[in-house]
Amino acid sequence: MDSAVHDRARDYLRTVAEGAPPTAYYGDCGGRRDDSAHDALADEGAGFGFALTGSVESGDSADINVSVTGRDGAPTSYVLDLHRENGTWYVCGVDEGSVDLGGAG
């Protein structure tokens, strides 16, 4: 998974894992800006590991499934909701679970 949206997702997750404020990764998201989306990852603990496990992109929207391994050592699935604004991808939400990729990856 090598594209601008995947790079942006990885950079965002690294920033959150390092405990740095990820506010630069939050855009307007069509009026649904959420500057605290990363709070969904808080229970994973600092320095969590992650792997992008699949994605689906349609126009200026993308969902990326992520497996996060936190302090308990067990992987947890999350989905990142991203939106492209003026050519830049922004994180609009982080939720536990995953999305059906419908055979996409």
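Predicted model: local features only at pLDDT ≥ 70, side-chain atom pairs only at ≥ 80, totals over all residues.
**Exercise 1. Arg84 and its partner**

*Solution.* Step three: because Arg84 belongs to strand β3 while Asp60 sits in the loop between β1 and β2, the pair ties together parts that are 24 residues apart in sequence. Step four: Asp60, with a relative accessibility of 40%, is likewise counted as partly exposed.

**Exercise 2. Other salt bridges**

Find how many salt bridges the whole structure contains, and describe where the partners lie in the pair Arg32 and Asp81 and in the pair Asp11 and Arg14.

*Solution.* Step one: a search of the whole structure gives 5 salt bridges. Step two: one of them joins the side chains of Arg32 and Asp81, at 2.7 Å from N to O. This pair links distant parts of the chain, with Arg32 in the loop between α1 and β1 and Asp81 in strand β3, 49 residues apart. Step three: the side chains of Asp11 and Arg14 also meet in a salt bridge, at 3.1 Å from N to O, but here both residues lie in helix α1, 3 residues apart, which is about one turn of the helix. Step four: Asp11 is partly exposed at 34%, and Arg14 is partly exposed at 41%.

**Exercise 3. The sheet and the helix**

Work out the strand order of the open sheet, and state which strands helix α1 touches.

*Solution.* Step one: the sheet has 4 strands in the order β1-β2-β3-β4, with antiparallel pairing. Step two: its edge strands are β1 (49-58) and β4 (88-96), each of which pairs on one side only. Step three: neighbouring strands are turned by 25° against each other on average, direction ignored. Step four: β1 and β2 (residues 61-69) run antiparallel and are joined by 9 bridges; the partner of Val56 in β2 is Asp63. Step five: α1 packs on the sheet and touches β1, β2, β3 (75-85) and β4, its direction making about 145° with that of β1.

**Exercise 4. Thr15**

Decide whether Thr15 is buried or exposed, and identify the side chain with which its own side chain makes a polar contact.

*Solution.* Step one: Thr15 lies in helix α1 (residues 4-17). Step two: its relative accessible area is 12%, so Thr15 is buried. Step three: the polar contact of its side chain is with the side chain of Tyr25, at 3.4 Å. Step four: leaving aside neighbours within four places in sequence, Thr15 is in contact with Ala20, Pro21, Pro22 and Tyr25.

How values were computed: Residues numbered from 1 in each chain as written. Heavy atoms only, no water. Helix = DSSP H or I, 4+ residues; strand = E, 2+ residues; numbered from the N terminus. Buried < 20%, exposed > 50% of the residue type's maximum accessible area, 1.4 Å probe, protein only. Polar contact = N/O pair within 3.5 Å; in protein donor to acceptor, adjacent residues only side chain to side chain. Contact = heavy atoms within 4.5 Å. Pairing = 2+ DSSP bridges. Axes fitted to C-alpha atoms, helices over the stretch in contact; angles between N-to-C directions. Salt bridge = Lys/Arg side-chain N within 4 Å of Asp/Glu carboxyl O.
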